[in-house]
Amino acid sequence: MRKKRSLLCVLLLIAALSMATVCGTAFAAEGGDAEPDTPVAVDWSADETKWTEKNGFAFNDTLGMHLTASFGTYAATKAKSIGGNSTITFEIDGNLPGTDWCADWIVFKNTNDTPLTTFPYSSEISTGNWLAIYCGRGVNFTIMECKNGQITKKQVGLHCATSWESFHQKQTITITTQDTEEGVEVSMKYDSPTEHTTATYLSSNTLLWGAYSISVGRTGGNTDTVDLMSTPAATYTYKINVTDVASDKVPVDTAPELDPDNLAQNMDNWSKDGRVGTDVTADAYGLTFGGSGNTYGYTLDKNVAADSTVSLTIKGKSKASGWGQTWVVFKNKSVEIDSVAPLTATKAPAAPAGTWMAFMFGASYQASILECVDGVVTRYNCTEAPVNMNGNDFNYFYAQDSELTIKTEDNADAGTVKVTITFVGKNLALTDKTPTGKTYTIEYTTNDTTGKFLGDGALSVGAYYDNKGSIAVSSLKSDKPLVDRVVDDGLCNFVTDLKYWKNLTSEENIFIDQDGLQVWDARSGEAVLNQKIATDKTVSITVDGNLNAEWGNMYFMFHFDSPEFMLKTDSPLPTPKGNRLAIMVGGNGFRAYESVAGEWASGEDSLTDAGIANEGTSLESNEVNNNDVWFIYKSYTKLTFALDADENGVDLIITLLGPSGKTSTVLYPTQYTAEDVQDGFWFSVGCYLGAMCGGQNGSVKVPVLKVSDVAEGYVPEVDIAEIQLAIKAASETVVTAENYSELQTKLNDWKALRKTLNYEQEKAFPYALLGNLENNLAAYVTDREAADDLLALIAEIPAEITAANKADAESKVAAAETAYAALTENAKNMVGATEYGKITAARNALTALADKEAADAVKALIAAIPAEITADNKADAETKVAAAETAYAALNAQAKALVGDSEAAKITAARAKITELNNTNPGEDENPGEDEKPGDTTPDEPQPKKKCGSQLGGAMVVLALAAFATVGLLLISRKRKQAK
């Protein structure tokens, strides 16, 4: 049976090849005889030359294309080798005996330049535009669509049990694609031993039109996966058959060759700063603007030379009628290159600014040359005489080929530029319209004669159209080489040099070089400019992110009182500090965080939910594109911030231009007053990146940060080495009254300078020495204040100390003495010897007064001693002499001197007289020796003996009393016996 089937296949193949020989082939229709819709079946499974990136695959006539490895294997065809409307049959022999899990994937419509050699089956982020099927254990049968890098997934039409068994059964998947006016229609048929089903899918992405490449591969298992290298019997086989119906739009295998002179074929020729609009690709088919209802515009990265000719072919790939316009801005002399200019769907210049010339054609604005000088636009209508362009030749640009050349000739003497444009429209796809096919020649000389248009100019191409399909600039060439763009707006780009920055939260993860400020593989980071910006300035920022994080936020912060960080490591939210304002743009939305006096004014304000007004229009109706906000860390975005402060308060005006091409303006009323922000603000840029950020998978770059009217930058011209020496010398100088003001002025100047220093200067600044100087000055002030307080106390001490003011003087002198003792040596020197001498003199005066009073008191005691001491007044004299002796002994030498020897001798004489009297009447002398004079010493004398008669008399009295007592006791005893 197998032999019969094989024989039948061979006969069919021979018949197909014979038919191809007779009828011609659809692979090279140009110049051949083949009908464009003749299907040709081709088996690519054994033709290794059809495949690139063949990792893990082998090819031979027996097995076809088969896996030789077990995990992460890929294969892809040449880019764009299959026609736009095709049928592809994949026969997959999943003959693995068993595995943990396994899944197949087929990328069947990839319109990018290069094959998709890896498959992001678990991600929502990829690149380009493609369609894929993913089926197998654990994933069901899923179709995945990628549109400009964003993936959507949809399960279609199969029971999970069927698709899960793909790794050990045969299945055939047939996919037919058909380009329609709505997009791409996909029909899928699945056949396996247990399942036969069909499904359809419609993609509205017109960027998928045309020729494409395919990729196939398998993802499978872990340690339990069968090793196909060592198990040939388990080889996993793919057979791929293509039935290609070559559409008249994109013939098979006739993709244009890359031409180095064709600027439209390479995205690298277009400046990121001049790109607007999503769904834009640059490949062999040119620069393609996809989708509809959006504004697109791309600017060349270099200027077109003066006196040159550029030629363009613009292809409209829309199949439905509509309206809109396309333009070529061929001489843009503006400082800010605006790729969106000159028009939008409103048929009017889009906030015209700068100086440029453009050629525009389309149903919305007919065919015109526009001349804009400093924002004022004049129009030259080509539909009028003498050109008289026919509407059918240019109105339907979205569905025809438009070829034009633009030649400029500078006339330096006249200050004008002559422009010669040739235009022809052809190949209109709309059958009810008939272009004339005429080639028009338009000559125009600028109205401006001041020379504003002389010289090189930036060139951009843009479009706005309201219909399905896409527009491609398939060819753009210049007869002269492009020249470097020199833009001197007089402003400094602060993100190209570390010298403009004060702080960085991390030297490892956030850094600044000639390419701009970059945050790389960082959980969070913040950088602060090193000097305040005036309130009336506008900050312009560009963010260029390619970080494949799970989510992330960018923060733009205004610091009104301190340049201290608002973002902290591992914290996704800013920290309230003083008066600060942070604007968040990113995965967590579009929000404002406002801190007033260190507290959140109203929590976090959602700029979306709050409906902040924009000239009377709510934010919602202003249509801020969510993708512009959510994916700022992985896209190219321009922002401006301007504070508007008046008596009514402070408003922050924000403009945001993201990949959508729409410029949104938001007015946010803050809680601050004009006084709060009058001194300006420090500005910082920060970000917080999601959990999947790691392994150096990209970075967020800020290539542009400028401030209006600030051209000189924020770098003080200081010699840090010289400052180090000066601060060291000042910190070692003894502070005096003579040099205090000078040193304080230097300290203030250095502290103010420190606030303006950049990051590198700050690291070399001698903070410790400056602190020593500040401490020295503070110590001087403390000493001076203490010395002045003491001088005030000294001034209160009485000039003459008397008995009347002695107590008050003692209190004040004691306070002065205590204060002086507490002074530092430096403060004592400030008081000086003369003032200190006043304390000493006062203390001496108090001491002298006390000595005199004590001496006078002793003299009074001496005067009270009787002039003549007799036996009669001896006792009184004894008391007074003893008091005088005690008081005299307590005197110090100075007081004794004041008493005098003559007075002291009176005490001595009185004591001698008392002693003499005591010796004369020994019986009456109970206290011998008390009559000694002060200071006299007399030897002990023998005591007189008492008489024996007096001793005997006393004994007799005692004996008589004893006898009496004995008689009494005997009488009492006898009476007691009688009573018994």
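## Sheet from E17 to E27

Seven strands make up an open antiparallel sheet, ordered E17-E18-E29-E20-E25-E26-E27. Strands here are DSSP runs of E with at least two residues, and helices are runs of H or I with at least four, both numbered from the N terminus. Two strands pair if DSSP finds at least two bridges between them. E17 (280-283) and E27 (440-445) are the edge strands; each has a single partner, so one side of each lacks a neighbour in the sheet. Neighbouring strands are turned by 20° against each other on average, direction ignored. Axes are lines fitted to C-alpha atoms, for helices over the stretch in contact, and angles run from 0 to 180 degrees between N-to-C directions.

Within this sheet, E18 (residues 286-289) pairs with E29 (residues 471-478) in the antiparallel sense over three bridges. Thr288 has Ala472 in E29 as its bridge partner.

## Model and confidence

The model is predicted: local features need pLDDT of at least 70, side-chain atom pairs count only at pLDDT 80 or more, and totals for chains, interfaces and linings use all residues. Residues are numbered from 1 along each chain as its sequence is written, and side-chain values use heavy atoms, with hydrogens and water left out.

pLDDT is the predictor's confidence in each residue, from 0 to 100. The chain averages 79, and 77% of the residues score at least 70. Residues 609-621 stay under 50, with 18 contacts beyond four places in sequence. Residues 944-980 also stay under 50, with zero such contacts. Contact means heavy atoms within 4.5 Å.

## Chain totals

The chain has 15 helices and 43 strands. Of its 980 residues, 46% count as buried. Buried means under 20% relative accessible area, exposed over 50%, and partly exposed in between (1.4 Å probe, protein chains only). Among contacts with a separation of 6 or more, 67% join residues 24 or more positions apart.

## Sheet from E16 to E24

Another open sheet of seven strands runs E16-E19-E28-E21-E22-E23-E24, with antiparallel pairing. E16 (270-276) and E24 (376-381) stand at its edges; each has a single partner strand, so one side of each has no neighbour in the sheet. The twist averages 20° from one strand to the next. E21 (residues 324-332) pairs with E28 (residues 458-465) over seven antiparallel bridges. Val329 is bridged to Ser460 in E28.

Asn381 lies in edge strand E24. Asn381 counts as buried because its relative accessibility is 13%. The Asn381 and Gln366 side chains form a polar contact of 3.4 Å. Such a contact is a pair of N or O atoms within 3.5 Å; within protein, one must be able to donate a hydrogen and the other to accept it, and residues adjacent in sequence count only if both atoms are side-chain atoms. Beyond four places in sequence, Asn381 touches Gln366, Ala367 and Ser368.

## Nonpolar cores

A nonpolar core is a set of buried Ala, Val, Leu, Ile, Met, Phe, Trp, Tyr and Cys residues joined through side-chain atoms within 4.5 Å. The largest has 55 residues; Ile541, Phe556, Phe641, Phe683 and Leu705 have the most contacts inside it. Leaving aside neighbours within four places, Phe556 contacts residues including Ile541, Leu581, Phe641 and Phe683. A second, separate core of 50 residues includes Val280, Val310, Val328 and Ile421.

## Backbone exceptions

Most residues other than glycine have a negative phi, and most peptide bonds are trans. The Ala385 to Pro386 bond is cis, with omega near 10°. Pro386 sits in the loop between E24 and helix H3 (391-394).

Asp374 has a positive phi near 50°, in the loop between E23 (366-373) and E24. Asp374 counts as exposed at 55% relative accessibility.
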